[in-house]
Amino acid sequence: MKKRVLFLLPLILLSLPSYALERFEELTWLAPDSKTHQLIHFPQLLNRIYRENDDQLIWLDVEESRKLELQLEMIKQAGFSPLFSSQLAYLEKFREQNRWFEYDLLATDTLLLYMSYAEQAPVVGESWFFNQPLSEVLPQPSKNSLNSLLIAVELHQLEELIDEYTPSNAEYRQIIASYQHLKKFEQVSLPTYHQNALKKVGDKLSHRDELIQRLNVVNVNTKGVRNDASWYDATLIEPIKEFQRIHGLKQDGIIGTQTMKWLNMKPSQRLAMLALNAERSRLWPMQRDTLILVNVPSFDMTYWYLGEEVFQSKVVVGRTTRKTPVMQANLDSLILNPTWNVPRKIMVEDILPQVLVDENYLLNNKIEIVKRWNTPSTVNPSDINWSEVNPKTFPYKMRQQSGDSNALGLYKFNTPNRRAIYLHDTPSKHLFEKDIRAFSSGCVRVENADQFANTLLQTQGLEVIDADENDHSTTQSIALKRRIPVHIIYQTVWVESGQVHYRDDVYQYDSYVQHNKKGKATEIHGKG
């Protein structure tokens, strides 16, 4: 059984003024002029909770307090909520000053906030985690949550309650373990690793000890590494390759500029990445029954069927000026040899400027001009006075014919949605060889799309495609028997095969939170 450490209640009571020992009614544990009242968000709920607990202190167990403060610390490190950062700062202040009645009230009130946050995050959390800080007061938690809290208080099970409102999957727990491991390095003067050129096996290493320390920060296995060498010896090659793998770098064992960048990342930066992505996991689906998952920063896609990973692929996502959005849709059909209805933005910004330079551009790329979609009639380009065309007011639409050179390639994986974002093949296969693959106009290009298409058909019990019989000119739509959820997510940290992986913040979504790390407690005065 877990050992409990309790606060010494008699000593607390002796240290309190007489008004704080009166029966608790409408926060009378606080002096009327106490500014701590301003920190309380749910006074009526607090009245009920403490009244039903016979006006006794709730946070007597140190482990329960630590559990709550750890969750608040994660939110603070993530950087998206000045509201929670401020509450944590005051809790720490009250604890350090032995102001236990104020601590107790604020901890219970903040737990209510946390439960509300946990309920709201899957619904509206996308804005908090990507573009709009959580600084406004949250609605009070649901009736079911309040009842759960009352039961947990009665049974002294606040730890278990907090766990219920915290992600419980193995990946989350692994990220938390890595977070706690990294905390050991936060206050340590960790030396920067230096080298004067690319390093490979056989080269001298003047800062070998610093290199090993930096590898240990991210739990890379260095048990077999020699400590008495002054060069890059064979015992370092696998740890360096492992480090490169978990950062999405080419696993060549050569310490170059990108490997150096990740080696010398400050522990505080990694802590922020871990915390933010741990909280973002509240948005993503936990089940892996039948699901297609695209992670933008890792530039890859995975298809799970009946809980098994049946297909994995590199992907190309939207460039920074045309980002692939975080979203959910359903894959309902496979389209062979698709035509491409050119989005207006691409027509105006990309194609029309090309046409104004070269009138053969449309012919060379098999692009038709139409008055509206789904019509066979076309507009003859020679009937248009291109010298007078303003791309922004161009009155027509454009459609690219099917074929090998079609921008969608030979396969479109249709996911109807208002943003017109879908998965598709591409004729630009060479882009999959690049480490950073943000080149599209927002849609997701899939490597080995032919294999993905046949995997989809097989798992749906449909006839697979014979590539030799596909003439690449006839468009055909194959409806799936069951729609497949598609989730496009944005995780710069995740767990794979028991290891935490890190990736660059390609859209700078992580960066905005660094401007929101507020919440340092200001001095409050008053008797309470």
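The structure is a predicted model, in which local features need pLDDT of at least 70 and side-chain atom pairs count only at pLDDT 80 or more, while totals for chains, interfaces and linings use all residues. Residues are numbered from 1 along each chain as its sequence is written, and side-chain values use heavy atoms, with hydrogens and water left out.

An unreviewed UniProt entry lists His424 and Cys443 under "active site", and such annotations may be inferred rather than shown by experiment. Although they are spread over 20 residues of sequence, they cluster in space, with a largest C-alpha distance of 7.6 Å.

His424 lies in strand β9, residues 423-424 (strands are DSSP runs of E with at least two residues, helices runs of H or I with at least four, numbered from the N terminus). With a relative accessible area of 4%, His424 is buried, a word that means under 20% with a 1.4 Å probe and protein chains only. Cys443, in the loop between β10 (438-440) and β11 (444-446), is also buried, with a relative accessible area of 13%. Beyond four places in sequence, Cys443 is in contact (heavy atoms within 4.5 Å) with residues including Val316, Thr324, Tyr422 and His424.

Elsewhere, helix α5 (residues 100-130) packs against helix α12 (residues 267-280) at an angle of about 125 degrees, their axes being 9 Å apart; axes are lines fitted to C-alpha atoms over the stretch in contact, and angles run from 0 to 180 degrees between N-to-C directions. Tyr117, Phe129 and Phe130 of α5 meet Leu276, Glu279 and Arg280 of α12 in this contact.

Technical notes: Buried means under 20% relative accessible area, exposed over 50%, partly exposed in between (1.4 Å probe, protein chains only).
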